[in-house]
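Let's walk through this structure together, one contact surface at a time.

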Amino acid sequence: MPIADRVAVRLRVNGEEVAVMVPPYKTLLEVLREDLGLTGTKHGCELGECSTCGVLVDGRPYLSCLAMPLDLEGREITTVEGMADGSEPDPLQVAFAELGAAQCGYCTPAMLLTARALLDHDPHPTRDAIKEALSGVLCRCTGYLKIFEAVELAASRGRRHG
Amino acid sequence: MADELAIVGKSLTKPDAFAKVSGQTRFADDLALPRMLFGRILRSPHPHARIVRVDTSRARALPGVLAVLTGDDLPIKFGILPVSQDEEALAREKVRYVGDPIAAVAATDEWIADEALELIEAQFTELRPIMSIEQAIAADAEPIHGTSNVHKAVALEFGDTDAAMLAAQHVREDVVFFEGNTHLPMEQHAAVAQYGADGKLTLWTSSQTPHYVHRALGKVLELPMSRIRVIATPNGGGFGGKSDIFSHELVAARLAMVTRRPVKITLTREEVFYAHRGRHPVLMKVKTGLTKDGRITAMQFRSFLDGGGYGSYGVASTYYTGALQATTYAIPRYRFEAVRVFTNKPPCGPKRGHGTPQPRFALETHFDKVAEELGLDPVELRLRNLPRPDSRTVNWLRITSCGLEACINKVVEGSGFLERRRSMPRGRGLGFAVSSYLSGAGTAIYWNDMPHSEVQLKLDRNGGVALLCGAIDIGQGSDHILAAIVAEVLGVALEDIQLTTADTDLTPIDLGSYSSRVTFMAGNAAKAAAEKVRGQLFEAVARALPCDVDDLLARDRRIVRRNQPAEGVSFAQAVQLAEAAGGVVTATGSYTPPKLAGPYKGSGVGPSPAYSFSAAVVEVDCDVRTGEVRVPEVWIAHDIGRAINPVLVEGQVEGSVYMALGEALMEEQTFRLGLHKFPSLLEYKSPTALEAPVMHTYLVETIDREGPFGAKEAGQGPLLPVIPAVANAVYNALGVRIDEIPITPDKVLKAMSDRSKRVGPASTPAFEFPPLIKADVPEEWKGK
Amino acid sequence: MLRLPRLDYLRPRSVGEATELAAKHPGAMFIAGGTDLVPNLKRRQFNATTLISLNALPDGRLVEGDIHHGVTIGARVTLDELARHEMLGSPFRALAQACGSVSTPQVRYMGTLGGNLLVDPRCNYYNQTYSWRKAVGFCLKKDGDICLVARSSPRCWAVSSSDSAPAALALNAEVTLQGVEGTRRMAAAALYRDDGIDYTSKRPDEVITTIHLPAVEGRMTSAYWKLRRRPAFDFPILGVAVAITWDGGAVREARAALGAVASHPVDITSFLAPLEGARPTEDLIAEVAEAADKPSRPLDNTDLSHYWRKRMTKVYIERALRDACGLEPLGGRLTAQVRAGAG
């Protein structure tokens, strides 16, 4: 059987339905960055060894570098571009900015989304729960502390819209 | 109205923060241009070989391939240092490490580009690989470059150290080893090149040093620099790893010129390990003479650096292994000998702390042992040998402010070091160490008399301030520092400053984000520019009010009379007054460090306009049955001069501690069968969030007279004391000395079961250093 | 960027269809979570030209039954679900701990139990990019003809690196496989072969559909201890799973298996015989652990020195046994990231 050149993939990304024609062997990371222009999703190894490419699928942290788009039809994909509510940034984004939790900013999108998933399931996590939840995203700049503090600050401020 | 600071010293949100948390920051690999091609590089499979033939015909024939390059397409050699022009964009005659670039392709997608690489037939004659310092200096070693594998050997002496050693009441010698490791920025290096129909080349690159890339492109591509524009994109982490000139930058540029289409090359993670330029493996011997009461009388230091396949920054790295001993301790007589050798590994260069974490490890573990032998506590030994503010070291380094004693007191008190370390259960321990670092190298990489940093300001009629500077933000917050300094001087808000940085067409020179120099040097240039332009505004306002220029103050977006703040104009009105009087309101500021080098050959590496100081206490929790070491808590104090933005400084300090712990406990580049053993993020161990210790960060402000608003560096110095403090803590916990970094559990367990209670090198290899250059000592050290 | 090779991606709607597709496409591979397969494909460790996704199957995502009747776990239940699943309380805690200690939260949300049981044995001469393996001269497991770890060896010494496999052995689990020739059920131990390449008895057209944990009679406790450099990301460089059934305060049966010390999960139950019928004292456990590391033969092909890993085996057997017996584990950390079950 010849290798299919391109297939239609329908995805729901940041609340929008999108359809693209892509080779079926492109990972979600490649489709997001190269076909949908969502370059907020970064990559550091493309092997699942750093989680820099992290996105949310149905609210759970996923590795876009290992996820196959055809299997994600019908699921809700969230990237960093979808975190803000219109002009209102997510409290995590504000806290990360205020506390200097984004130094180079490269792991930041994955860190933010992973923290969002945590707070959605555990609005007032302990420091240990934060460390555990973020343990899959490598950061080389911060030593993680400002990140923990930013998650705690955002948690203390609560979710937007109350 | 007082002259208190409105912005400097405050933990404000940095200007690029919201772009970063929104995913809007455009890193190099995020760029996509119409008709863009993808470049890939074929790399050597051999550590050491002669290239016999590279046949690219099959690759060229592959549909979708638009260009293939080999070494002959880019024959001009280059290197970051003028003395080490030993690299080729694509190797022509020899390959010197696994990963050395040989050929490159540009294709319509990365699948085709990868296929094309497979179709390139390269033939080699393999040579015996040289994989260690000992092999490199062996008499029969195959030379990697030229006729010898000694890249650089230096020997300096300040005063008669042999005589001082003989007279010393206590002498100790130690031999230690620090394995190499790498920066591991999360962003893989990327470059996008475009060659316009106008014959101008533009290169976007994740570089810490766009100015040096600009120069190298001019040289290698044989284009006038006026036809080349280099734009550094925000670096997704640098740590020194993006401060060299890389093959993929030159190759992308040439491919764009050949194809007349934009070309992007993004390195894979594996290739980032080959790009390297990271921490040198260094074998060291330190010998110190002291009085009975613990005052240093002389030190002799030897280092052997494993440089990898090319020169890179290596000459500077070599000197740095001996430069900062005397800025941390008052050493009256000092001898330093070092040799850097070539080996068949990726080239080493500058990583955070450039050349100084290795000797710092040697020194601080050495003094921990000395203190024990003398019956002193390790803190007291340091306090008896403190460097003095406003002094010259024996090797002629000028110290201005020095907050080391305050740093020591902070961490010792904060941790309860003196009491607690005597009463900890087996397996738990505390370790202590101190350090110093430069705030920017006093000399440029290439010889010139021009400023190291330049800033241009242009004010608009509505009160906006355009700030142009060659500096690139690599995550350290340099954009904020520049904006904060200018906003402070002009009395405007941070958001009034519009930054344009690191674009060689638009921005005046800054030498780069390396050497902990940007806050200090670009900060001074920004301050100078802002003061100049403020002078123009004050003159215009003074004429209009009228009043005396000296009576004016810029504050809260107004320019007002100092003692009658109701009298004044808005900042925008002031700009309009100045513009009406003299046209465009603009000013430039520059910073050239003072000439500080001592009167001897080799004095160019080490001088800095100011030094930062740090002290650390580290607590360890060791598993006595497995040898695993965990770090639950760290106390770190850093003499920052002044914190222009405390939260950003804390971030630099915490990040330094983190990186130090990774190096101390797990990070290492090791090689097997001539290959990097594990060029991956999984097997090169980088600490995770779960390993983050509790950190107590103390910022000590000494308001340095040379720094902008008194500021000194923060990005590198705080890494230095942490690594030896870990080693000293392991000794406190288990009574074993791990004289070799990293301190892995197998080494700890081995030391615990060995009678010597030690793991580490026994000796240094025989090597004939060049004759000592005997330098004069500064006046203050004569007769001491 | 590292990318997948060009390949077809098929999404069958039933297990039957999946197995038929596999039989029809030699060299096709199944993909569920993809966390092991995709990286290996990107490094060209496999030559698959077709992937058969199991993610459109309607079943395989449930945990059913209870302790008294046995628990049946769909092969595509994620590692994260199992790490937190209330069904995997005290008796089956070892499996929850094993699943909760795999790599990172991200990988556990994606990865499945079926996939983890079948993690391709690892070796640091093999889990490398194509160009790295080409530079080193390739190895027996892929594209080459010698084992680079043991050059004179005729076989491959890649390391079984599944966390769940030793737990499955210790818990006496069984697996059901479905292929074109029908369905078969076997002991988890029978799923594995002592070979780094030909490491499973699962046929290429077969899919693991379910994992069965047997009914527990009386009281049972279990534990999984994992050794690795970092508390996240890292594969085990040693895994110890133990399960103990009790008669009052005495051990009725003790079972254990080691991970990451050979090409297959190694059953060390026979070494635990001295525990049976005894009240497990600290000394007895230490004595048993001292001898039970015999089958552990780590080689220089994973992280840290293999001498050290060998020395660690008895330490970790002792700690896992103590943990399962309710004694302080004597230092060290419980390496499971997720606080498992009701443990």
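Domain 2 and domain 3 of chain B bury about 1500 Å² between them, with 61% of it on carbon and sulfur atoms; buried area here is the accessible area (1.4 Å probe) that two parts lose on being put together, summed over both. This is a predicted model, in which local features need pLDDT of at least 70 and side-chain atom pairs count only at pLDDT 80 or more, while totals for chains, interfaces and linings use all residues. Residues are numbered from 1 along each chain as its sequence is written, chains are lettered from A and ligands numbered from 1 in the order in which they are written, and side-chain values use heavy atoms, with hydrogens and water left out.

To find these parts in chain B, follow the domain assignment: domain 1 covers 17-24 + 450-591, domain 2 covers 32-127 + 190-237 + 242-271, and domain 3 covers 154-181 + 278-442 + 599-774. Such bounds come from an automatic or database domain assignment. The C-alpha centres of domain 2 of chain B and domain 3 of chain B are separated by 37 Å. Their contact (heavy atoms within 4.5 Å) takes 19 residues from domain 2 of chain B and 18 residues from domain 3 of chain B.

What kinds of polar pairing join domain 2 of chain B and domain 3 of chain B? The count is 8 residue pairs in polar contact, both residues at pLDDT 80 or more. A polar contact is a pair of N or O atoms within 3.5 Å; within protein, one must be able to donate a hydrogen and the other to accept it, and residues adjacent in sequence count only if both atoms are side-chain atoms. The count of salt bridges between domain 2 of chain B and domain 3 of chain B is 0, a salt bridge being a side-chain nitrogen of Lys or Arg within 4 Å of a carboxyl oxygen of Asp or Glu.

Now turn to where chain B meets chain A. Here 49 residues of chain B are in contact with 44 residues of chain A, and the two chains bury about 3800 Å² between them, 59% of it on carbon and sulfur atoms. The interface of chain B and chain A holds 6 salt bridges. One to look at joins Arg33(A) and Asp30(B), whose closest N and O atoms are 2.8 Å apart. There are also 27 residue pairs in polar contact between chain B and chain A, both at pLDDT 80 or more. Helix H1 (17-22) and helix H18 (646-665) of chain B each supply at least two residues of the side that touches chain A; helices (H or I, at least four residues) and strands (E, at least two) are DSSP runs, numbered from the N terminus. H18(B) gives the most to that side, with 8 residues.

Between them, 16 residues of domain 1 of chain A are in contact with 14 residues of domain 2 of chain A, and about 1100 Å² is buried, 65% of it on carbon and sulfur atoms. The domains of chain A share 0 salt bridges and 3 residue pairs in polar contact, both at pLDDT 80 or more.

On to chain C. Chain B brings 40 residues into contact with 43 residues of chain C, and the area buried between chain B and chain C is about 3500 Å², of which carbon and sulfur atoms give 51%. Trp111(B), Arg625(B) and Arg672(B) supply 18% of the area that chain B buries against chain C, more than any other three residues. Chain B and chain C have 7 salt bridges between them. Asp234(C) and Lys685(B) meet through their side chains in a salt bridge of 3.0 Å, N to O.

Finally, look within chain C for an open sheet of 4 strands, in the order S9-S10-S11-S12, with antiparallel pairing. Strand S9 (219-227) and strand S12 (266-267) of chain C stand at the edges, each with a single partner strand, so one side of each has no neighbour in the sheet. Two strands pair if DSSP finds at least two bridges between them. Strand S10 (residues 238-247) and strand S11 (residues 250-259) of chain C run antiparallel and are joined by 9 bridges. Trp246(C) stands opposite Val251(C) in S11(C).
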